[in-house]
Amino acid sequence: MNITNLDPLRVIVHEVVRASQIAERPPVLSDDLVVLDGKSKALVGRRLVDTVASGSHCVDVTVDDGSAGSPFDRATAMLDADDDGFVANSKYLAKLLSTVQTAGAIKSGSAMFIEGTCFADGRDCRFLAIIKADSDQALLKRVSGEIITLTYVNDMVLGDSQRLIKIAFFIEESGPDSESAGGRLPEDFSVKVFDHLMQSSGNGDAAAYFYGSFLKCKLSNNAARQSKQFFEVVHSFIDKMPVSQADRVAYKGDLISYFCQNRETIEPRTFAREVLPEAHQVAFVKRCRDEGIGQAFSKELDMIKGKLRRQSLKFSSNVTLYAPSDVFRDAVKIIGTSEDGWTELKIRGSIEPMP
Amino acid sequence: MNEAELRSAYEARLPALDALGRWVTHTIIETLEGQLGSQNAVTKFLQIPPKPRVKETDSFLEKALVRKRRSDPLSEITDQVGVRFVVLLLEDIDRIGKIVEAGPWLAQKDRDFQQERLDKADYFAYQSDHFVIRTRSELTLEGIVIPSALPCEIQIRTILQHAYAEMAHSSSYKPPVRLPEEDQKHINRSLAKGSALIETTDDVFGEIKKRLRDYNESITALLVRSSEIYRTITGESANPSTALGELIAEAYRGMLKDVTPDNLNSWAAARPGLKNSLLKKRASSVFYRDSVVILLGLLVTENETAVPKCWPADSDYLEDLYSMLGISTNGIF
């Protein structure tokens with residue numbers, strides 16, 4: 001989804017803590033909207049774009065519980081609420097976030113609720129963003145005449161490090177049904193979540209607390225289809241790369257091992273950087289954009305299991321060589337092709353007796 | 001006319017020849033300055049400062065009486081005063097040639113090396129354009145009376161042709177000592193090879209210049225189209241040639257060669273949100289008042305991971321543009 005012209009309109013910030021700390025020091029929940037000056041607005045806008053727009057690591061999620069009073073219901077109601085309703089719902093959600101912060105190395109921080117407008121895929125839309133911003137430490141530089149002082153700050157938020165930000169982004173794709181008195185429907189919204197924990201491998205459970213326990217969402221139903229589409233785009237891109245057949249086989253092997261690695265999400269720019277030669281990275285990212293693959297997606301292998309299981313090498317003489325993907329990479333080496341039409345291979349291991 | 005009479009007639013016209021040479025040189029340089037825009041540009045254009053030279057009396061007499069007898073040497077010998085213009089490229093020769101032909105005198109082309117190349121297609125030797133100009137009527141320059149039809153020879157050549165001419169002049173045209181015939185043949189052969197090489201190199205230089213000019217023209221066309229699109233979108237006019245524009249054109253040479261003005265139109269047409277963004281941002285940032293943001297915007301969307309690597313200014317501006325275009329800066333800055 002292409003998101004531009006992001007304009008924050010109403011903002012409120014509350015404190016969030018670990019669940020275990022709620023009793024000993026209840027988090028501060030604010031009653032007042034925050035007024036952002038121009039530069040602060042621009043910074044918030046940039047952080048949102050960096051984490052949810054094209055080229056970002058955010059993923060689509062599907063609302064699992066959209067019933068009355070659910071986090072989805074509370075969040076989307078904020079779009080049409082008056083200021084009192086906006087404040088009340090944000091406080092409810094901030095408190096809920098503190099309550100679910102139970103597992104792992106979760107830090108205290110701030111929950112920022114931002115309502116605004118944006119241009120999404122060519123249409124004016126409203127959005128509601130919830131940012132869980134962990135506090136960072138920094139030094140504040142002040143210049144006074146010839147003197148420069150540095151003051152320690154332990155509560156800085158929205159710095160450059162994405163490690164310290166989680167975002168839920170509700171983009172309203174169609175307006176409320178005027179005849180319906182109840183809450184909003186999940187199908188009216190596109191919901192995106194960014195959590196750096198989803199990029200790293202083996203942290204699925206840690207990441208799940210934000211989109212799962214807190215927001216009652218699950219990874220997108222589209223994940224399997226998106227994974228398959230990406231796999232096919234990469235395949236066809238490699239087929240057209242001006243490299244030798246042997247290199248193509250190697251890149252396709254890299255693609256399979258990339259998918260098989262223990263990672264939660266896949267993002268085209270990162271994939272290009274980690275797998276493809278530098279000269280082809282720009283063209284690959286452009287190809288993904290043209291195919292509508294802008295941001296990251298949750299990896300879901302259901303539809304490509306067969307393709308990942310084994311790698312093959314087909315020759316013009318109708319000979320085909322198969323090997324399990326994890327074996328192929330290290331056990332098959334293409335030495336070269338001779339002018340008389342033979343290809344020289346090296347295969348690890350000795351020939352076993354025929355059954 | 002005997003030698004003594006010819007000598008005194010020639011010496012009598014020396015001041016007029018000297019004044020004519022300076023006037024012709026000055027007139028050509030002045031016109032060049034008008035065309036190129038400054039004295040500095042003329043100095044760069046002319047590889048060697050042109051200095052008119054009056055033929056020495058003995059040299060004139062030798063040419064008139066010994067080398068080839070002429071019935072009216074004062075009129076027939078055309079290089080009594082001459083000036084040479086040495087330029088970088090073959091096309092520069094044409095520029096000066098046109099100025100000479102349009103000057104306030106009667107001009108005749110005596111040697112046309114382009115024509116000579118065709119006439120003697122398998123012959124490589126001295127190449128230069130020679131013009132002979134003559135005053136249309138009597139005139140007074142710096143208090144000196146210049147008679148009607150007084151000739152002045154103008155040579156125009158490239159710096160490579162000049163190098164050849166200097167070499168050939170000292171080795172074959174007027175050798176200090178005569179070489180044995182066999183040696184002279186070798187020298188002549190080498191000179192022909194040199195001339196052929198120089199002709200080839202002059203053509204190569206022309207090709208280089210053409211490529212540079214084509215590139216500059218295509219960049220200029222992109223900047224102009226950016227400015228037109230910017231004006232259409234924002235309703236505000238923008239100068240197509242700015243320092244930032246030059247900086248960006250320089251930094252992204254490689255990427256720009258694949259961009260056409262029509263690409264810019266399609267890019268802008270596909271972004272209906274651009275108008276609001278630009279109108280909002282241009283009020284507070286000089287960066288968004290420069291129409292090169294249109295061209296840069298296209299470069300960013302086509303090469304999102306590569307643009308930051310060559311960005312020639314403060315990266316805050318570029319990061320903000322990414323944000324405006326809805327492209328994450330994550331991992332690429």
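This is a predicted model: local features need pLDDT of at least 70, side-chain atom pairs count only at pLDDT 80 or more; totals for chains, interfaces and linings use all residues.
How many bridges join strand β2 of chain B to strand β7 of chain B, and in which direction do the two strands run?

1. Strand β2 (residues 81-87) and strand β7 (residues 151-158) of chain B run parallel and are joined by 6 bridges. Within this pairing, Val86(B) has Arg157(B) of β7(B) as its bridge partner.

2. The two strands belong to an open sheet of 5 strands in chain B, ordered β1-β2-β7-β4-β3, with mixed pairing.

3. Helix α6 (residues 90-101) of chain B lies across β2, β3, β4 and β7 of chain B, and runs at about 160 degrees to β7(B).

4. Elsewhere in chain B, helices α12 (residues 261-269) and α14 (residues 292-302) pack with their axes 10 Å apart, at an angle of about 80 degrees. The helices α12(B) and α14(B) are therefore roughly perpendicular to each other. On the α12(B) side, the contact is made by Asn263(B), Leu264(B), Trp267(B) and Ala268(B); α14(B) contributes Ile294(B), Leu295(B), Gly297(B), Leu298(B) and Thr301(B). By class, this contact has 6 nonpolar, 3 polar and no charged residues.

5. Chain A contains an open sheet of 7 strands in the order β1-β3-β4-β7-β8-β2-β9, with antiparallel pairing. Its edge strands are β1 (3-16) and β9 (217-219) of chain A, each with a single partner strand, so one side of each is left without a neighbour in the sheet. From one strand to the next, the twist averages 30 degrees.

6. Within the sheet of chain A, 7 bridges join β4 (residues 123-134) to the antiparallel β7 (residues 165-172). Ile131(A) has Ile167(A) as its bridge partner in β7(A). Helix α3 (residues 83-100) of chain A packs on the sheet, touching β1, β3 and β4 of chain A, and its direction makes about 65 degrees with that of β1(A).

7. The contact between the chains takes 24 residues from chain A and 21 residues from chain B. On the side of chain B that touches chain A, α13 (274-282) and α16 (315-325) of chain B each supply at least two residues. Helix α16(B) gives the most, with 4 residues. By class, this side of chain B has 6 nonpolar, 12 polar and 3 charged residues.

Note on methods: Residues are numbered from 1 along each chain as its sequence is written. Chains are lettered from A and ligands numbered from 1 in the order in which they are written. Two strands pair if DSSP finds at least two bridges between them. Two residues are in contact if their C-beta atoms, placed from the backbone, lie within 7 Å. Axes are lines fitted to C-alpha atoms, for helices over the stretch in contact, and angles run from 0 to 180 degrees between N-to-C directions. Ala, Val, Leu, Ile, Met, Phe, Trp, Tyr, Cys and Pro count as nonpolar, Asp, Glu, Lys and Arg as charged, and the others, Gly among them, as polar. Angles under 35 degrees count as roughly parallel, over 145 as roughly antiparallel, 65 to 115 as roughly perpendicular and the rest as oblique.
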